[in-house]
Every structure is written in C-alpha cells, then in structure tokens.
Amino acid sequence: MPRFFNPDTMPKPASNYVQAVEMTVPGRRLIVSGQIGVTPDGEMLEGYRPQAEQAWLNALSAVAASGMKTTDIVAIRVYDVAPGDVSAYRETRDAMLEGHAPASTYVIVAGLAHPGLLTEIEIEAFCEA
C-alpha cells in the first residue's frame, strides 16, 4: 500500500494534497493521459467548472476501467489556462476525490491543445499486485 505523507522538513500543503507518496511493494501502475472537458461523444463543454468536472470524470473512468479505486491515485497534475480558477479547481478535485489527498501539481499555462480548453488533468495510480 502506498504511504502518503508530509515530511516535517517540508512546507505544509496549501490544500488537500500530500508532499510525497512512497510505493515499496510490487504492484500495478496506471498512468492516465491528460483528460479534458470533452464528453465521450465529443462535445466540448463550456465554462471552467463543467470542463473540470468532465475531465475528472474522464480520468476517473480510466482508473475504474483498470480495476483501481480513487484511493489508488498517487499523483495528479493539472494544467489550467486561467489563474483565477484555482478555487474552483480545488472544490472540484476535493469532490471528485472524496477526501483522498494524493501528491499534486497545479500549473497555469498559456494554452492547451485547443483554444476552447480551460483545463487538463493527468492521473497516476498504483495498487498492490
């Protein structure tokens, strides 16, 4: 089982994530490509929160399809185009992860692959073999 922790020698996290995750047992590793606010039928949603929610749903569906659970997520990387969306991001992340706090990186970028995209989320998960 991965160990999620915040070393005393590092700053405390700014929100619901951890500074480090250690994996020492044999297991399965899942890397989910960056997911965006597009529905399975190809519709790009309008607005930050709908896109963020859909990106999370897309990413979490890959976790479920692998037979893993939300609590198996060890790291997330988020790329947003607007610095004002960090609060909405945190609220959406916390709701989707149901309190689980993996390692997390949040980056503001100049743009994504399509000009209408506002966020992209990558997930890494790990579970014992």
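Trainee: Among contacts between residues at least 6 apart in sequence, how many join residues at least 24 apart?
Mentor: 74% of them do, with contact meaning heavy atoms within 4.5 Å. Keep in mind this is a predicted model, where local features need pLDDT of at least 70, side-chain atom pairs count only at pLDDT 80 or more, and totals for chains, interfaces and linings use all residues. Residues are numbered from 1 along each chain as its sequence is written, and side-chain values use heavy atoms, leaving out hydrogens and water.

Trainee: OK, and which pattern does the protein follow along the sequence?
Mentor: β-β-β-α-β-α-β-β, which comes to two helices and six strands. Those are DSSP runs numbered from the N terminus: helices are H or I with at least four residues, strands are E with at least two.

Trainee: Where does H1 sit, and what comes after it?
Mentor: H1 covers residues 48-65, and Gly-67, with a positive phi near 85 degrees, follows.

Trainee: Which residues of H1 are buried?
Mentor: Among them are Tyr-48, Trp-56, Leu-60 and Val-63. Buried is under 20% relative accessible area, exposed is over 50%, and partly exposed is in between (1.4 Å probe, protein chains only).

Trainee: What covers them?
Mentor: The cover includes strands S3 (27-35), S4 (73-80) and S6 (119-128), plus helix H2 (86-97).

Trainee: Switching topic, how much of the whole protein is buried?
Mentor: Buried residues make up 38% of the 129 residues.

Terms used
The expected span of a helix is 1.5 Å times one less than its number of residues.
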